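Dear colleague,

I am passing the structure below on to you, and my notes on it follow directly after. Please read them with the sequence and the coordinates open beside you.

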Amino acid sequence: MGVEQLPQILINGLLLGGLYALIAAGLSLVFGVMRVINFAHGEFVMLGGMVTYWLFVLYDVNPLVSFFVVLVGGLLLGALVQALLIRRVVDAPPMMSLLLTFGMSFFLIGLGLFLWENISRSVPAYGGSWRALGVAFPRMRMIAFGMSALVIGAVFAFLRRTRLGKAVRATAQHAEVAMTCGIDVARMRVIAFAMGIGMATSAGALLVTISAIDPQVGGLYILKAFAIVILGGLGSLAGALVGGLILGLAEVLGTFYVSSAVGQASAYLVLLIVLILRPGGLMGTAEKVRA
Amino acid sequence: MNRRGVNVTAGVAVVGVMVAAPLVLSGYQIVFVLLTLLYIGMAYSWNLISGYTGYLSFGHVAFFGIGAYTVGVLVATHGWPWPVAVLTGGVLAAALAVPLGWIMLRLRGPYFAIGMLAVAEGTRLLASVWRGVTRGGLGIFVTTTYNVVPVYYSLLGLVVVVMTLTYWVDNSRFGLRLLSIREDEDAAEVLGIDTTRRKLTAFVMSAAFPGMIGGLYAWYIGYIDPGSVFALSFSLNMVLMTLLGGAGTFLGPLIGGASFAVVLESLWARFPAYHLMVTGVAIMAIVLFIPNGIVAVLRRFGLISRRRQFASRVVRRSQRRTDEGPAPTTEKSDVAAG
Amino acid sequence: MNATAIRGFVLLALTALLLAACGTASPPAGAPPDEAGEETPEETAEGSTEETAEGTAEETAEGTAASDESPIKIGASLSLSGDYARIAVDQREAYELYVAQVNENGGLLGRQVELVVYDDQSTPETGTRLYERLITEDQVDLIMGPYSSAVSGAMMPIAERYEMVNIAPMASSDELFQQGFTWSFQVITPASLYLEGALEIMEEEGYTTFAYIGEDTAFPAALMDGLGQEAEARGLEMVFNQLYPKGTTDFTSLLAQVGAAQPDAIFGGTYVEDAVAITRQMQEQGVIADIVALTVGAAENEYAESVGDAAQHIMGASHWEPQLETPGNPEFIAAYQEKAGRDPGYHAAGSYAGISILGMAVEACQCLDQEDIREEIINLETETIFGPFDVDETGAQVGKTGVMVQWFDGQKEITWPFDIATAEYLTPLAGWGER
């Protein structure tokens, strides 16, 4: 197996990882603030992708425009879901939120099958590649990577620089103390969940241009997202970014040097290894939302 | 006859009816009951670990698949007799559960749930990849004969065994300890309970049965492949039935399983397109409105005893020893009633 | 919590009862004729179940004369929901079309035909349960096979046990018909021969090496084994082969390995979504060969729509195309379009052909005796809209070959078998961006 193909493989892995990171970051944010693992996170990715597909096929909307549309849509949807459902199980035993989101994921899969049938959809967007230094940089993946970075960067900035962002982080660190400081904890949770879902749906918009999605694709991405989030540390955004890149690389390298099955399994292997050796993840403990 | 006598008689009567059933039921009805027994057996297994200890395993189907493939390989490739292969499947699953549990049970809450999910997916992938043994995506033709009646009785036997085991757990010190782990593991440890050993025991018990049930499934269905034996629907049914009936109870999985099977039968025939959606809503509704399941509701109406036998015995015994001070607080209110 | 629990429980129970009640009241069109309440011998407090009233037809056991007024029932379990839902819908449309046409023309054996279709949700155990139901409860006269290999494998023993003829139109796995079943019949080309046309083209042009990637499920795995054997027989070499897990979306590394092996031809055992992804990623990564042939997926219109220009000169392995001049083909296409509102694909065509064969056999023996019908099918050698039909004594299809197509400017041309080709095949492929 050639070493001359290594640079190409690495580029592929990084580009893939960037998108994974966006999905994982949303999951991580929600957990950091609310201690809720959203089992349905993958299904929101799917929804984002499907809506993008719809807009493209029905109204000829450019997927990059749809990206922002589903981002906003995701924010609103997330806020709604939080206010109606998640809110009720936030303070309950973790079993409850796990099971609730488990049920929600099946509902969304059923909805997806009902609305879009069990067919793979994709949006052919900017095809082809830029070539430089003997390596192909697939156009759409580069764009997707850029958009992911944009969103993650925006979230970082929000959490670090704005007052509201700091309030969110305070809630993540210690909800009760935050409350005594006058922070409206319930509102922070809505914001956090909304952002998490927004990140998921916008990732879906990108995903549908790079590969095909069908209503049941959520399950695949949620496991990868979990692997990343646990690798990087639940609640750490930087961890999600680093973890995402690592997973992307692991997958492509695993496939190239061993086989596709190993590449696919790398998410599970990473997950299990991290859970066994260092449950807190690379970035340390999962106790705080770290931007 | 006292309450206990009534219960036992009722139980024996039900088993008797079930044993006689294949003689009077139509082919379809037997198959329906067979599949219901399969789901109930899986639900009881899940209940043993996730209901009592609160460690939600979303990957229990891994043991089912292991059992199925054990039978598939042993019977089809090596010509073993199927009952032996089924038992081997159970033993293998339980054996694998020991190191697996040792690793996984160190993780708490969501970590454990996700980890088990990864285990299930990983096992499925392994079944695909290990082509030399499992034939990968080609699948294994286990048998060309249609084995309804033997599988029916085997499943019936298994369900009776796992229910008896659950009854014992439910009324024993061991069960109370498991429940205390569910309530507050750290407090349980402080009280001196070796949580690791208890959890592991429950986990291994909960793995043996899916191993055998999976094997019986393989013998019944005749053809297995990674997609069908590691299917999502098994995980879904296990969780839903136990939740609906009442996790961590003796009758929960039975009630949940039976009612779910009946409701589902009417539902999906009506709404084939919506059944996933409806199932999802059902899970959400149960979590939000009746998180303790039907059993909890029946308890409030006094239809089911609120006290656990062991807890009652302990209380009575300690009350007799008047010079030992206040009764030991090994029972908390919802442990006894929940 | 108390009030909520009661409320929730009552709600659930009411919903269940309501739905069960609605069930008995008015069965929707196409749904099973009887409703689904069953007496479970367990004493549970839950749900009301209704013993269902059976349908009208009283079919007696094989051979004895039945009333001329009662309809002939054909039963099938299809994957109307779940993983294979999309394709199974085509199958049902085809069955319904056939039944409607037959009924218009006086029915089968002078009796009207009634189709009973259940949804097995793409799960094998549900499939077995439904076939039991069809055979023992609904007492259907004839059955047609289900869609996927897994469900087929699960219900073939049932067909054997009840000794009913089982035509499985879309079952392609070779092994299904190597298990010693004597009552099941294949309509479609066996999976191992899907790419026979591509191999012939290779031989014609003097190519010697090929690479194969496929999804790790029944037919691509069977195809891989078949290619291995065929290659040996024809003196070709499979220089690289690998199966990828179902659900793979990123093929870049795999394609890099394929490219590194530098084969003359690249073959893929694919469905639509992976065919699309593989093509796109081949384009991105610049992986190419003189022949590129992908099964199933690349022969669908969806494929060309999704990859656009990249489809140019890609070959697809199909089973049936609208342009084929098989008997009754144009009429079938027109009728299907009218009924379903869309063009038929090969699943519809194959299913239609399958149920037609069943009808033919019944008419030929003028009876509903399963043994006689079976004899007819074994001896039958005919051509349907789908193409040739001829089975051997194991039930495997030996008459029908696949059909190779190639994309030219967004249009599919049949390039093999050579005697029915609509255009000549084109090799070698030029590079990406040069076509």
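**Notes on backbone, disulfide and interface**

C:Ser122 sits in the loop of chain C that runs between strand E2 (113–119) and helix H3 (124–137). Please keep in mind that this is a predicted model, and that the values below are computed from it. Although C:Ser122 is not a glycine, its phi is positive, at about 60 degrees, and with a relative accessibility of 12%, under the 20% limit, the residue counts as buried. C:Glu163 belongs to the loop between helix H4 (149–162) and strand E4 (166–168) of chain C, and because its relative accessibility is 40%, it counts as partly exposed. Most residues other than glycine have a negative phi, and most peptide bonds are trans.

Chain C also has cis peptide bonds to look at. The bond from C:Trp416 to C:Pro417 is cis, with omega near 5 degrees, and C:Pro417 lies in the segment that follows strand E14 (411–416). The bond from C:Thr427 to C:Pro428 is likewise cis, with omega near -10 degrees, and C:Pro428 is placed in the segment after E14 as well.

As to the cysteines, a search of the whole structure, over all chains, gives 1 disulfide. It joins C:Cys365 and C:Cys367, whose sulfur atoms are 2.3 Å apart, and both of these residues are buried. The torsion about their S-S bond is about -95 degrees, so the disulfide is left-handed. A:Cys181, by contrast, counts as exposed, because its relative accessibility is 59%.

Turning to the interface of chain B with chain A, 34 residues of chain B are in contact with 35 residues of chain A. The two chains bury about 3,300 Å² between them, and 90% of that area is on carbon and sulfur atoms. On the chain B side, B:Tyr111, B:Ile114 and B:Met277 lose the most area to chain A, and together they make up 19% of what that side buries. Between the two chains there are 0 salt bridges, and 1 residue pair is in polar contact, with both residues at pLDDT 80 or more. The elements of chain B that give two or more residues to this side are helix H4 (82–104), helix H5 (109–129), helix H12 (232–245) and helix H14 (275–289), and the largest share, 12 residues, comes from H5(B). By class, the side of chain B that touches chain A has 28 nonpolar, 4 polar and 2 charged residues.

With best regards

Notes
Residues numbered from 1 in each chain as written. Chains lettered and ligands numbered in written order. Predicted model: local features only at pLDDT ≥ 70, side-chain atom pairs only at ≥ 80, totals over all residues. Heavy atoms only, no water. Disulfide = S-S within 2.5 Å. Buried < 20%, exposed > 50% of the residue type's maximum accessible area, 1.4 Å probe, protein only. Helix = DSSP H or I, 4+ residues; strand = E, 2+ residues; numbered from the N terminus. Contact = heavy atoms within 4.5 Å. Buried area = accessible area lost by both parts, 1.4 Å probe. Salt bridge = Lys/Arg side-chain N within 4 Å of Asp/Glu carboxyl O. Polar contact = N/O pair within 3.5 Å; in protein donor to acceptor, adjacent residues only side chain to side chain. Nonpolar A, V, L, I, M, F, W, Y, C, P; charged D, E, K, R; others polar.
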